[in-house]
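Me: I have a protein open and want to go through it piece by piece. Can you help me read it?

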Amino acid sequence: MATSMEEFLARRMDDQMATTQVSLKKEYDRNNGLKSSGYGWYSALYEVRDGQARPVNPEGLPDDSAPFAEVALRVMGGEEPSYGTEYLEGLGAYRLRGCQIADGVVIVSAAPMNDMTTTVRQLVLVEVAAFLLALIAFVVIGRAVLRRGLQPLSDMARTAHDITSHDLTDSARLAVRAEGGDGGAEVEELRSAFNTMLEHIDASLAARTVAEQRLRRFIADASHELRTPLTSIRGYADLFRYAAANEPGEREAHLEKLRSEAARMSVLLDDLLLLARLDSAEVETSLRVTDGDVAALAREAADAFRAARPAHPLSLSLPPGPVPLAFDPMRLRQVVDNLLTNAAVHTPPGTAVALSVSTTPRAVVIRVADSGPGIPRGDQARIFDRFYRVDDSRTRDRGGSGLGLAVVRSLVVAHGGTVSLSSNPGSTTFTVHLPHHPGSPTPGSRESTPRDR
């Protein structure tokens, strides 16, 4: 910018000098000489003869006038007009212009360049000052704009620091979230991803908390259930030792009690191991699936139930033909047996029990119903919980360990199916849906259906 201004001023000065010399030439023609220089410049006439330039009016020239003669010689040498920028001793920089106004006569004008140099220098100073002010304003405003633009990121950083102050051992909920709507599309995308991450952490912590609570409850219930048969075994062992020493005739009765309690504990442990295997189905195969006939399996289960529970009349309803399905015969038989046993154990003698198998376009449906007193509505929500029983006294005269329906639900889910309960006074029905093409259930998923009596 300063260079452009300097070139512009130089062109203006050259044009002014050319205009002035035209006026001086006219004056020379009228007066055969010069009376003024114009603009306060130096103007001198030179006669150029034999390669030498002699001033016509030397009294009007500065002390350092050699550059004037050089310009006059260049004009006569064919360079017309002739320009030059020279430094005159004691005066400073001058712009010189020479042109011929008569035969052998050259006029040389010299204009000082101090004003032009001062103007350019001031322009440079103004530009530097303006640049510095603009730079300072840019830094100040830029910092403010950046601080405002990065404020959402600072808020998210504070949110992250707030998370570190939360105790996540007992609470599964992170109350903090990245709020706000400023920052542009990129920051909004980052904020949404940050909040999505927090939601995922919330869900993971909630699942972990539920799993830990379930594990603690399971361990407590399992300890309680195992303690009872172990206490009985220890007591009968003491009685057996006493009978062996004093009452030999009672040894067989005490030994039978020992076998009964051991068998009871063995069944409980088998159910616990089965549930553990089903819980870890994502790392090991818990079922041995083959093609089979559900109707034949239901018929076998009904025969076994009639033989073991003659006090409960059983009605069986089956389709006219076979019901093919891919399933684990032993585990599906266990599901049906557990449901039938549950109906017999929790209803008085003489209560009718019904077992039916039907098909739909997508699933095989197994229903076990009884006409007993039903399950209270407040207990239906937990009927499939492990170790849960409707009988709060936890007596053993009716009911088992509380694992039967938990096993039913886990086995049905492992087959890719669902189990549900519908119960009212005088009617209780468990319904199992098994898809024709069972899919892999989601690991750790549990239906929000009722649980064990």
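This is a predicted model: local features need pLDDT of at least 70, side-chain atom pairs count only at pLDDT 80 or more; totals for chains, interfaces and linings use all residues.

Me: How many helices and strands does the protein have?
Reply: There are 10 helices and 12 strands. Both are DSSP runs numbered from the N terminus: H or I and at least four residues for helices, E and at least two for strands.

Me: What share of the residues is buried?
Reply: Of the 453 residues in the protein, 36% are buried. Buried means under 20% relative accessible area, exposed means over 50%, and partly exposed is in between, using a 1.4 Å probe and protein chains only.

Me: And the accessible surface, what does that come to?
Reply: About 25,600 Å², with 56% of it belonging to carbon and sulfur atoms. The areas come from the Shrake-Rupley method with a 1.4 Å probe; for residues, only the protein chains shown count as cover.

Me: New topic. Which residues does UniProt list as a transmembrane region?
Reply: The unreviewed UniProt entry lists residues 123–146. UniProt positions are given in the numbering used here, feature names are shortened, and annotations may be inferred rather than shown by experiment. In the model the span is 100% helix and 0% strand, and its end C-alpha atoms lie 33 Å apart.

Me: Where is L125, and why does L125 count as exposed?
Reply: L125 lies in helix 3, residues 114–149. It counts as exposed because its relative accessibility is 56%. Its C-alpha atom is 9.9 Å from that of A2, which is 123 residues away along the chain.

Me: What about E89, buried or exposed?
Reply: E89 is exposed, at 65% relative accessible area. E89 sits in the loop between strand 3 (82–88) and strand 4 (92–102). E89 and D64 are 25 residues apart in sequence, and 6.0 Å apart from C-alpha to C-alpha.

Me: Now the pair of helices. At what angle do helix 8 and helix 10 pack?
Reply: About 145°, with the axes of helix 8 (residues 329–345) and helix 10 (residues 404–414) 9 Å apart. Axes are lines fitted to C-alpha atoms, for helices over the stretch in contact, and angles run from 0 to 180 degrees between N-to-C directions.

Me: Which residues make the contact?
Reply: Helix 8 gives R331, Q334, V335, N338, L339 and N342, and helix 10 gives G404, L405, V407, V408, L411 and V412. Contact means heavy atoms within 4.5 Å.

Me: How many residues of helix 10 are buried?
Reply: Nine of its 11, so helix 10 is mostly covered. The buried ones include L405, A406 and R409.

Me: What comes after helix 10?
Reply: Helix 10 is followed by G416, which has a positive phi, near 85°.

Technical notes:
Residues are numbered from 1 along each chain as its sequence is written. Side-chain values use heavy atoms; hydrogens and water are left out.
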